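Let's walk through this fold together, from the whole chain down to single residues. Have a look at the picture before reading on.

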Amino acid sequence: MKVGIPKETKENETRVAGTPLSAKKLIAQGFEVAVEKGAGAAAGFSDSAYAAEGAVLVDAGTALGCDIVLKINRPTFEEVARMKKGAVLLSLLDAYMNDGLLEKLAQQGIDAIGMELLPRTSRAQSMDVLSSQANIAGYRAAIEAAARYRRFVPMMMTSAGSAKPAKVAVLGVGVAGLQAIPTIKKMGAQVEAYDIRPEVKEQIVSVGAKPIDLDIGEEGTGTGGYARELSEEGKRKQQALLTEKLKKFDIIITTANIPGRKAPILLTEDAAKGMRAGSVVIDMAAATGGNCPLTEPDKVVIKHGVTFVGYTNWAGLVPADASEFFARNLTNLLALIIKKAEDGKPALHMNMEDDIVAASLAVQQGQVRFQKK
Ligand SMILES: NC(=O)c1ccc[n+]([C@@H]2O[C@H](COP(=O)([O-])OP(=O)(O)OC[C@H]3O[C@@H](n4cnc5c(N)ncnc54)[C@H](O)[C@@H]3O)[C@@H](O)[C@H]2O)c1
């Protein structure tokens, strides 16, 4: 059974769904591994490093034409057209996009697992790309914030004078926020943090930040560990209260998202106007509309004297580890849908009794199974 690892074609993508290490593990399990030439180059993995582990270097069509295709980003329609009937795809699918891609996969007879659809349970953790990538993203966003800030992050006492520690706010404390807090705290910042889910307060304290309290009259706990969208009244109250609180911060890192929806606005233009010149906003929700209306996706802009960073692929800025973690998540999930055949070789076994497979298999045998909630 052949596993194909094509080069990612999405703009700004530096990651790859298989590394020399993951190729080695798959080959040890009895798979043949076909890697598109140059697929790992942007992450620092050379063709010869894959070849040294026993992978075969191929062209894009051959990698896409394998029995199992591993990808980071959802395939394009053209890529789907190059895949073969009966193949299995493991990749992010952005299933909520509703642009006909799932139907195209179904027509083509491809079974597709959407890596963003896994349940967020303890058992699924080793396969959870949202967590592994958000963790890296939170770390990298904190590094970016410190580098863009034109002052010291820690308190500094020198013979030439002293500098105050940077005041940092982290808004949205899921996986990325929980990593951004200790990363910038270790640099010496004073960190406060806010999330709409009240149960997160304890976690904020445990990673060394002070919780920001807002009384908006409703809670934002949704299902599966995620937030739910606030009422229009709740959104207005939240924005008004935050506008006052946020003006005092030098660095704001925002990560607030609600699955399948536009990101909530937490930092209004008025709040940004009130921030000190030279302050920095890292808007990690830029890909889903941004937590601040002034953010521009994939750009760094200065408005009202404040620097807004709207990168949309934070994990891709740490491409080697992000690829290793993503590849490990994929191979762990692959193990769930494979069993050993009588000849000792791996064979497909789509076990629908398994809750992880059942939740993530978006397309099966010509049918779209994914349903938007
Ligand atoms: N295996 C597991 O058990 C597992 C794995 C990963 C995540 N989780 C749970 O899922 C949670 C969220 O994960 P994520 O990081 O992918 O979330 P996410 O990227 O969807 O959202 C980031 C954060 O934004 C917050 N948010 C949304 N709207 C907001 C608003 N209006 N104001 C303030 N904050 C707002 C959310 O509550 C969330 O904490 C985790 O904190 C955890 O509880 C569980």
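Two residues are in contact if their C-beta atoms, placed from the backbone, lie within 7 Å. Among contacts in the chain between residues at least 6 apart in sequence, 64% link residues at least 24 apart.

Bear in mind that this is a predicted model: local features need pLDDT of at least 70, side-chain atom pairs count only at pLDDT 80 or more, and totals for chains, interfaces and linings use all residues. Residues are numbered from 1 along each chain as its sequence is written.

Next, the domains. The chain splits into domain 1 (2-117 + 319-362) and domain 2 (135-317), with bounds that come from an automatic or database domain assignment. Their C-alpha centres sit 34 Å apart. Where they meet, domain 1 gives nine residues to the contact and domain 2 gives six.

Now for the inside. Of the 373 residues, 46% count as buried, meaning that 20 or more other C-beta atoms lie within 10 Å of the residue's own, again placed from the backbone. A nonpolar core is a set of buried Ala, Val, Leu, Ile, Met, Phe, Trp, Tyr and Cys residues joined through C-beta atoms within 7 Å. The largest one here has 112 residues, and Ala 141 and Ile 253 are among those touching the most other members. Helix H6 (residues 129-148) supplies the largest share of this core, nine residues; helices are DSSP runs (H or I, at least four residues), numbered from the N terminus.

Which residues does Ile 253 contact, leaving aside neighbours within four places in sequence? They include Ala 141, Ala 142, Ala 145, Val 168 and Met 284.

Technical notes: Buried ≥ 20, exposed ≤ 12 C-beta atoms within 10 Å, placed from the backbone. Helix = DSSP H or I, 4+ residues; strand = E, 2+ residues; numbered from the N terminus.
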